[in-house]
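This briefing concerns a single protein chain, shown below. Please keep the sequence and the structure in view while reading.

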Amino acid sequence: MMQNQFSRTQMLFGKPAINTLRGSRVAVFGIGGVGGYVVEVLARSGIGELDLIDNDIVCESNLNRQIIALQSTIGKYKVDVAAERIHDINPDCIVHRYQMFYLPANADVIDLQQFDYVVDCIDTIKAKLELIRRCNRLNVPIISCMGAANKLDQTAFRVGDLSKTQMDPLAKVLRKTLRKEGITHLKVVYSEEEPLYPIESSGNISADSNTNNTNSRRETPASNAFVPAAAGLAVGGEVVKDLISKAQTMRILPEEEDGNVLAEQAEAKARKKEERLMEIRRQRAEGKDPLEKIIIPMP
């Protein structure tokens, strides 16, 4: 096997699985403490196309937990910083940037049907619900991360169905609302640790994540470096494994690849991605940028 940046992963997954990831397109909503680590996993696993959706700018208070937050990135938009980091890891990854605060009023801007998987790392309930509803209606695979703030135990995260969650206030609100709408199943990453109360006030207030109303204020939640990271790594890992599992290409032996229909399908999908990449590079050479950032003002 020729050595490359994904050769160690290929040793474990097999080449058809790597082709599956290379031919996949994944959207990550929310590039913060959790979402940043999800993006890290997906980029380092060789996902061929990523869509990043976030409206925030890196600020000093992000330095304690967000992988894209550095002194050198303060003041920059998170989607721009994340895209640059992805390309520093894998220059062949196609990255789409949406500088927007995802809401029901502007959700039509993004066609969810083009994604093989959607990752919900949004911290406002109104936006989470809208994304979950749309994915459910369109039958697009989605994984949603529950609360990662005000916690100390990075080992308490579990992967499961929303209906089985406990100890998570955000999950309780989502579960109650979605059940009334007939949505009874949702894959989530959640913590079994009971949230703690901050022992000091930050002196800042932020929009209430339960209402997504800037007129309703709440105390900024406490956080640390390791809990959101653990959640993001768990979410990213599930996406990678789910994509390969759906394609049925995990651990196909090299001697089994020839004539294997599933391996051939994965190779064909990866080849189409390479063709798109070549076309993008051709257009850029002509002075056009098909991947120019999309900026959507607050509705």
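The structure is a predicted model. The protein chain contains eight helices and 10 strands. Its radius of gyration is 19 Å, which agrees with the value near 19 Å that a compact globule of 299 residues would have.

**Overall dimensions and packing**

- Taken along the principal axes, the C-alpha atoms of the protein chain fill a box of roughly 60 × 45 × 35 Å.
- Of the 299 residues, 48% count as buried.
- Among contacts in the protein chain with a separation of 6 or more, 70% are accounted for by residues 24 or more positions apart.
- The accessible surface of the protein chain amounts to about 15,200 Å², and 50% of that area belongs to carbon and sulfur atoms.

**Nonpolar cores**

- In soluble globular proteins, nonpolar side chains tend to be buried together.
- The largest nonpolar core here has 44 residues, and Val26, Leu42, Leu52 and Val119 have the most contacts inside it.
- At least two residues of this core come from each of α2, β1 (25-29), α3 (35-45), β2 (49-54), α4 (78-89), β4 (117-120), β5 (142-145) and α7 (227-247).
- The element that gives the most to this core is α7, with eight residues.
- Another core, of 31 residues, lies apart from this one, and its members include Met100, Ile132, Met146 and Leu170.
- Beyond the residues up to four places away in sequence, leucine 42 touches Val26, Val28, Ile47, Leu50, Gly236, Val239 and Val240.

**Helix α8**

- At the start of α8, the backbone nitrogen of leucine 262 has a side-chain oxygen of asparagine 260 within 2.9 Å.
- The buried residues in α8 are Ala263, Ala266, Ala270, Lys273, Leu277 and Ile280.
- The cover over the buried residues of α8 includes α2 (15-22) and β3 (94-99).

**Serine 144**

- Serine 144 has its place in strand β5.
- With a relative accessible area of 0%, serine 144 falls under the 20% limit and therefore counts as buried.
- A polar contact of 2.4 Å joins the side chain of serine 144 to the side chain of aspartate 120.
- When neighbours within four places in sequence are left aside, serine 144 is in contact with Asp120, Lys128, Ile132, Leu186, Lys187, Val188 and Val189.

**Separations in sequence and in space**

- Alanine 230 is located in helix α7.
- Between alanine 230 and phenylalanine 157 there are 73 residues in sequence and 7.8 Å in space, C-alpha to C-alpha.
- Not counting residues up to four places away in sequence, alanine 230 touches Gln154 and Phe157.
- Phenylalanine 101 has its place in the loop between β3 and β4.
- A relative accessible area of 25% makes phenylalanine 101 partly exposed.
- Phenylalanine 101 and aspartate 242 are 141 residues apart in sequence, and their C-alpha atoms are 27 Å apart in space.

- Methionine 167, although not a glycine, has a positive phi of about 75 degrees.
- The location of methionine 167 is the loop between β6 (157-161) and α6 (169-180).
- The relative accessible area of methionine 167 is 46%, and this residue is therefore partly exposed.
- Arginine 251, a residue other than glycine, also has a positive phi, near 60 degrees.
- The loop between α7 and α8 holds arginine 251.
- Arginine 251 has a relative accessible area of 54%, which is over 50%, so this residue counts as exposed.

Methods: Residues numbered from 1 in each chain as written. Predicted model: local features only at pLDDT ≥ 70, side-chain atom pairs only at ≥ 80, totals over all residues. Heavy atoms only, no water. Buried < 20%, exposed > 50% of the residue type's maximum accessible area, 1.4 Å probe, protein only. Helix = DSSP H or I, 4+ residues; strand = E, 2+ residues; numbered from the N terminus. Contact = heavy atoms within 4.5 Å. Polar contact = N/O pair within 3.5 Å; in protein donor to acceptor, adjacent residues only side chain to side chain. Core = buried A, V, L, I, M, F, W, Y, C linked by side-chain atoms within 4.5 Å. Rg over C-alpha atoms; globule rule 2.2 N^0.38 Å. Areas by Shrake-Rupley, 256 points an atom, 1.4 Å probe, with all protein chains shown as cover.
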